[in-house]
Amino acid sequence: MNKAILITGGAGFIGSHVIRKFVLSYPDYQIINLDKLTYAGNLENLNDVEHQDNYQFIKGDIEDSKLVDNLFVEYSIKGVIHLAAESHVDRSISDPLSFIQTNVLGTVNLLNAAVQNWHAQTDCLFYHISTDEVYGSITAPDLFTESTTYDPNSPYSASKASSDHFVRAYYNTYKLPVLISNCSNNYGPCQFPEKLIPVCINNIINKKPLPVYGKGENVRDWLYVEDHVAAIDLLFHQGKVGETYNIGGDNQFKNIDLVNLLCQIMDQKLDRSGSEHLIEFVTDRPGHDLRYAIDSSKIQDELGWRPSLDLKEGLDKTVDWYLENEDWLEHVTSGQYQTYYQEQYFNR
Ligand code: NAD
Ligand code: TYD
């Protein structure tokens, strides 16, 4: 092994796809997955790679400075791909502090370990995975570019914005080699059923109400998770140190149109009809951003990345995965599982 890379949050949705890609594509890398295994972390996501020689799982908290420092020393970490986070906007509204702890303090803790252990080495990289939500809401037809002013509206996006600022501050102050990408909404296999698409897939399977917030007019730009991972791979290896890159799917949909499309796709696959009658318009999320839309021309022009799937193609693959993995859904939704809106509205 000639290079050890610490991937945080590798048992989560996007992190597990990143781990798989790096473990299988780069046998010369030693991949260390540091994950606390919160409700969103699930080692089942990594069943197929857990026995690979170049993979090591460490259960732990990114806020634990002793643990993180020991990992840097023991493995001689040369790269960090930082995904660990509290990631759900609704939860950030009911419990903002845990978002500050993990997303801000946890990130700063990792940055400190990198500064202390890397000194002036230039062959290292701290790659921070962030979100387009830091830019706030944008009116059509405008798009977020890398120079759009930060204007976060939820505790989640405020915590991610804060972590982005710390990453840039460590670049400017300590010359830490960093890179940031801000990506639009991801979907695909292994996404915990609290985000819109897997909530609806799970509820359609179980013929339960599909909670659409407000009037369903909010627009999101959807990206299939493996396209995000391809961008992460490219940026980790070829992105310019100190730079920010936006990543988006060029797939803007109103929530209501997306949910209707999902109903059609699933009815066809399940040989049913009328799933759209499960749609319920529920009380809107406080501070709900109306529209996110990404201009990803920088990574497209500089590095040749493109999203490979449109929303219809990506949903098709995603639904197939959930239908073939109903035991996964059952495991993650057993026990204490409740989505925010189930807690609020569906305990009746
Ligand atoms: P997720 O919630 O599915 O997974 C987060 C992972 O982090 C889990 O495995 C969890 O156990 C782990 N974790 C949480 N707190 C931790 C801590 N204190 N220490 C160690 N591990 C901890 O999240 P996701 O959707 O896969 O998102 C991953 C990253 O990508 C996040 O940083 C998120 O902000 C960013 N992002 C997500 C999206 C999206 O649409 N999901 C879009 C853009 C950016
Ligand atoms: P979500 O998947 O939570 O991602 P984010 O808030 O980070 O964009 O939500 C996507 C959109 O779907 C957002 O506009 C909120 C809306 N939404 C619903 O209408 N119903 C739901 O049950 C959920 C979880 C989200």
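**Reading the model**

Reply: Just after helix 6, Lys207 takes a positive phi of about 50°. Helices (H or I, at least four residues) and strands (E, at least two) are DSSP runs, numbered from the N terminus. This is a predicted model, in which local features need pLDDT of at least 70 and side-chain atom pairs count only at pLDDT 80 or more, while totals for chains, interfaces and linings use all residues. Residues are numbered from 1 along each chain as its sequence is written, chains are lettered from A and ligands numbered from 1 in the order in which they are written, and side-chain values use heavy atoms, with hydrogens and water left out.

Me: How many residues of helix 6 are buried?

Reply: Buried means under 20% relative accessible area, exposed over 50%, and partly exposed in between (1.4 Å probe, protein chains only). In helix 6 (residues 196-205), 9 of the 10 residues are buried, and the helix is mostly covered. Among them are Ile197, Pro198, Val199 and Cys200.

Me: What covers the buried residues of helix 6?

Reply: Contact means heavy atoms within 4.5 Å. The cover of the buried residues in helix 6 includes strand 7 (185-187), strand 8 (210-213), strand 9 (219-224), helix 8, helix 10 and helix 11 (326-333).

Me: With what is Ser296 in contact, leaving aside its neighbours within four places in sequence?

Reply: With those neighbours left aside, Ser296 is in contact with Asn246, Ile247, Gly248 and Trp305. Ser296 belongs to the loop between strand 12 and helix 9, and its relative accessible area of 2% makes it buried.

Me: How many aromatic pairs does the count come to?

Reply: Rings of Phe, Tyr and Trp (its six-membered ring) pair if their centres lie within 6.5 Å; planes under 30 degrees apart count as stacked, over 60 as edge-to-face and the rest as tilted. By this rule there are 16 aromatic pairs. Phe22 and Tyr29 form a stacked pair, because their ring centres are 6.5 Å apart and their planes are at 25°. Phe22 is buried at 0% relative accessibility, and Tyr29 is buried at 10%. Ring pairs also link Phe22, Tyr26, Tyr29 and Phe236 into a cluster.

Me: Why is the pair of Phe144 and Tyr292 tilted?

Reply: The planes of Phe144 and Tyr292 are at 45° and the ring centres 6.3 Å apart, so the pair counts as tilted. This pair links distant parts of the chain, 148 residues apart: Phe144 is in the loop between strand 5 (125-131) and helix 5 (155-174), and Tyr292 in the loop between strand 12 (279-282) and helix 9 (297-303). Phe144 is buried, with 0% relative accessible area, and Tyr292 is buried at 2%.

Me: Which residue lies over the face of Tyr39?

Reply: A charge sits over a ring if NZ of Lys or CZ of Arg is within 6 Å of the ring centre and within 35 degrees of the ring normal. Arg91 lies over the face of Tyr39, 3.8 Å from the ring centre. The charged end of Lys298 sits over the ring of Tyr245, at 4.5 Å from its centre.

Me: How many salt bridges does the structure hold?

Reply: A salt bridge is a side-chain nitrogen of Lys or Arg within 4 Å of a carboxyl oxygen of Asp or Glu. The structure holds 11 salt bridges. In one of them, Asp61 and Lys36 meet at 3.4 Å, N to O. Asp61 lies in the loop between strand 3 (55-59) and helix 2 (65-75) and Lys36 in the loop between strand 2 (29-35) and strand 3, so the pair ties together parts that are 25 residues apart in sequence. Lys36 is partly exposed, at 39% relative accessibility.

Me: Where are Asp320 and Lys269 in the chain?

Reply: The side chains of Asp320 and Lys269 meet in a salt bridge of 2.9 Å, N to O. Asp320 is in helix 10 (residues 311-324) and Lys269 in helix 8 (residues 255-270), 51 residues apart, and the pair links these distant parts of the chain. Asp320 is partly exposed at 29% relative accessibility, as is Lys269 at 31%. Salt bridges that share partners join Lys269, Lys312, Asp316 and Asp320 into one network.
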